[in-house]
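Hi,

Here is the structure I promised to pass on. Have a look at it first, and then read on for what turned up in it.

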Amino acid sequence: MMEHIFIWASAGLLIVMVFVPYWLSFRRRHTVAATHKKEAQQLGLDKPRAQYPLIDSSLCIGCGSCVRACPEGDVLGVVYGTAVVINGERCVGHGCCERVCPVGALKVGLGDVSMREDIPIMTDLNETTVPGLFIAGELGGMSLIKNAIDQGQMVVGEIASRISKSATPDGILDVVIVGAGPAGLSAALAAIKHGMSYTILDEHPPGGTILHYPRRKLVMTQPVEIPLYGWLKKNEYSKEELLEIWQDIIGRFSISISSGARVESVTKVGECFEVKTSQQTARSRHVVLAMGRRGTPRKLDVPGEDLAKVTYKLVDAQSYNDCHLLVVGGGDSAVEAAVGLARQSGNTVSISYRKGSFFRVKKKNENAITSLISSKGIRPIFDSQVLEIREKTVLLSTKDGQLEIPNDYVFVLAGGVPPFAALKQMGVTFGGQNKDTKSDKPGPDLPSKTPGPKLQTLDAVKARSRERAASNQPPVAA
Ligand SMILES: Cc1cc2nc3c(=O)[nH]c(=O)nc-3n(C[C@H](O)[C@H](O)[C@H](O)COP(=O)(O)OP(=O)(O)OC[C@H]3O[C@@H](n4cnc5c(N)ncnc54)[C@H](O)[C@@H]3O)c2cc1C
Ligand code: SF4
Ligand code: SF4
C-alpha cells in the first residue's frame, strides 16, 4: 500500500515539476504571440507586402520550427498550437520557413491572386492586361533576387520571340526597361544577348532595393544564372559583394542606363509605348516594368518640406556631427537612422512618431534605441506629428500641445507609397479590382483557415519560371 502511495506521489510530483513549468512557458509564449498578432492587426502590419507564408492549420502541429527559421524577426508566431502570420509586411520570401516545416503545412506564396488588389493580373509570361507591357521581379508580387533575375530574362526572351516575327520600326526601341534592380539588369542583359535595342530608366543609381539594405547585410540567395555573366553560385553574399558584381556587369557589358530618370507615365499610342520621365520621352514596342514594390518615400505634406535640409534616406550617418537632427518615423529604418546619428559626436537626435511606442522594429533595433533613450542620447517624441519645418526649427504637435525644437536636418523615414496607382493609370488591371470592398492598404486579409486550391505558391511560380526559361532559351550571342 505504502509502495503504491509512493509511486502515485512520485508520479504526481514529476507531473508538477515537468508539465506545470512547460504549460506555463507554453501559455506565456502563446500569449505574447497572440498580443503581437493583435497589435500587428491594429497597425495593418499583418498584411503582407508581397508573398507570405500560407499555413494549412489542419496540418500544422505547432512545433514552431518555422518561427525559429525565419531570419526576418517576428513574421510568424505560434498561437495556441497553430502557426500564424504576425508581421506579414516583413516577409521577404526566402522560404526558410517552408523548408523546415516537418509536415508540409506551410507554403510561401501569394494566396488567391484573383482577390488581391495589390497584385497585377498577368499571363504566365508576365504580360499585363495591356498587350506588350510586361512585369518582372518583385512588382509582380514575388520577392527574392533569384526570382527577379529569372523573370527579367524570361520576359525579354518572350519579347525576343515576338520581335523575331516582325521587326521594330526605325527610331523605336524594342524595349524600355523601367528599373535597374536585379530584374531590370537581368532584362537588359537578356536584351543584349538577343541583339535587341533597349534602355533602362531608373530614378536612382543601379542596384535596386539592394542599395538600401543595411551595410554588410548578408543576403541569402539560391544559385541563379545571370544572362551573359554566368552563375551566382553561393547561397550567401554580403550587400557590398552583390553590388560589386552588378557594377562589374554594368561596366563589362556597357549596359545603357539613364539614372535620375523617374518614369512618370507609360502610354500606348498605336502599336508603341511612350515612356515619359521629367527629362525625356522614350518610344518603344514593349515595356518591362521592373520597378519593385517599395514605391516612393511617403511625404509629410507640411509647409517647409521642400527645404534642402529635408531628406528621405540616410546615406552616411558619419557626415552629421554637432547638429540638431530630427528623424520622423517609427519603423526599422527610422530607428536605425536615429541610432546611427546618435552615435556620432555632438549630435542632439529626436525621433518623432505618431504612435505611443515603437512596435514595428526588430529586437536588435529596439534594444539599441531603448538604451540610447535611457542614456538621453535620443529624445523620443511619441504621439506627435510634424506641423511645419522651418529654417532653424521644426514645429510639432504633441499630446501636450505644440513643441518647437531646434533643427539642422530632418530625415523622413515613414515608409513608401507603392506604385499601384501609377500602374492602374497605365491601364494595368489588378486582382480584386472589381470587388465591392475598397482598400488602399497593400496585402490581403490573411486567411485563418486551410488555403484553397486557387492559392499560388512560391514553388508553383518557380516551377513555371523554370519551364518558361527552358522553353525560351535564346540563341547564344556572338
Ligand atoms: C530588408 C530586405 C531584405 C531582403 N533580403 C533578401 C535576401 O536575403 N535575399 C533575397 O533574395 N531577397 C531579399 N530581399 C528582396 C529583394 O531585395 C527584392 O526582391 C529584389 O531586390 C527585387 O528586385 P527588383 O529588380 O524586382 O526590384 P528592386 O530591387 O526594388 O528595384 C526596382 C528599381 O526600380 C526603380 N524604380 C521604381 N520606380 C521607378 C520609377 N517610377 N521610375 C524609374 N525607376 C523606378 C527603383 O529606383 C529601383 O532601382 C530583401 C528585401 C528587403 C527590403
Ligand atoms: S519566407 Fe522568409 S521572411 Fe517570409 S516567413 Fe518564411 S522565412 Fe520568414
Ligand atoms: S507551420 Fe510547420 S513548422 Fe510551422 S509550426 Fe506548423 S508544423 Fe511547425
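One term before anything else: a residue counts as near a molecule or strand if its C-beta atom, placed from the backbone, lies within 6 Å of it. With that in hand, 15 residues surround ligand 3, and the closest are Cys60, Cys63, Cys66, Ala83 and Cys101.

Some housekeeping. This is a predicted model, where local features need pLDDT of at least 70, side-chain atom pairs count only at pLDDT 80 or more, and totals for chains, interfaces and linings use all residues. Residues are numbered from 1 along each chain as its sequence is written, while chains are lettered from A and ligands numbered from 1 in the order in which they are written.

**The ligands**

Back to ligand 3: its shell has 12 nonpolar, 3 polar and no charged residues. (Ala, Val, Leu, Ile, Met, Phe, Trp, Tyr, Cys and Pro count as nonpolar, Asp, Glu, Lys and Arg as charged, and the others, Gly among them, as polar.)

Around ligand 2 there are 14 residues, the closest being Cys70, Val75, Cys91, Cys96 and Cys97. That shell divides into 10 nonpolar, 3 polar and 1 charged.

And which residues are closest to ligand 1? They are Gly137, Gly179, Gly181, Gly208 and Gly292, out of 35 that surround ligand 1. By class, this shell has 18 nonpolar, 11 polar and 6 charged residues. Helix 4 (145-163), helix 5 (182-193), strand 7 (198-202) and strand 8 (218-220) each give at least two residues to it. Helices (H or I, at least four residues) and strands (E, at least two) are DSSP runs here, numbered from the N terminus.

**Helix 4 and helix 5**

These two helices also pack against each other, at an angle of about 35 degrees and with their axes 7 Å apart. (Axes are lines fitted to C-alpha atoms, for helices over the stretch in contact, and angles run from 0 to 180 degrees between N-to-C directions.) The residues of their contact divide into 10 nonpolar, 6 polar and no charged. For contacts, the C-beta atoms of two residues, placed from the backbone, have to lie within 7 Å.

**A parallel sheet and its helices**

Next, look at the open sheet of 5 strands, in the order 17-24-18-19-20 and with parallel pairing. Strand 17 (310-311) and strand 20 (378-381) are the edge strands, each pairing on one side only. Two strands pair if DSSP finds at least two bridges between them; strand 17 and strand 24 (residues 409-412) have 2 bridges, in the parallel sense. Val310 stands opposite Val410 in strand 24.

Helix 7 (residues 332-342) packs on this sheet and touches strand 18 (324-328), strand 19 (348-352), strand 20 and strand 24, with its direction at about 170 degrees to that of strand 19. The axes of helix 7 and helix 8 (residues 363-374) come within 10 Å and cross at roughly 45 degrees. The two helices are therefore oblique to each other (angles under 35 degrees count as roughly parallel, over 145 as roughly antiparallel, 65 to 115 as roughly perpendicular and the rest as oblique). In their contact, Asp332, Val335, Glu336, Ala338, Val339 and Ala342 of helix 7 meet Asn365, Ala368, Ile369 and Leu372 of helix 8. By class, that makes 7 nonpolar, 1 polar and 2 charged residues.

Strand 22 (residues 393-398) pairs with strand 23 over 6 bridges, and Val394 has Ile405 in strand 23 as its bridge partner.

Finally, strand 13 (residues 263-269) and strand 14 (residues 272-277) run antiparallel, joined by 6 bridges. Val266 has Val275 in strand 14 as its bridge partner. Their hairpin has 2 residues between the strands, and Gly270 takes a positive phi near 65 degrees there.

Cheers
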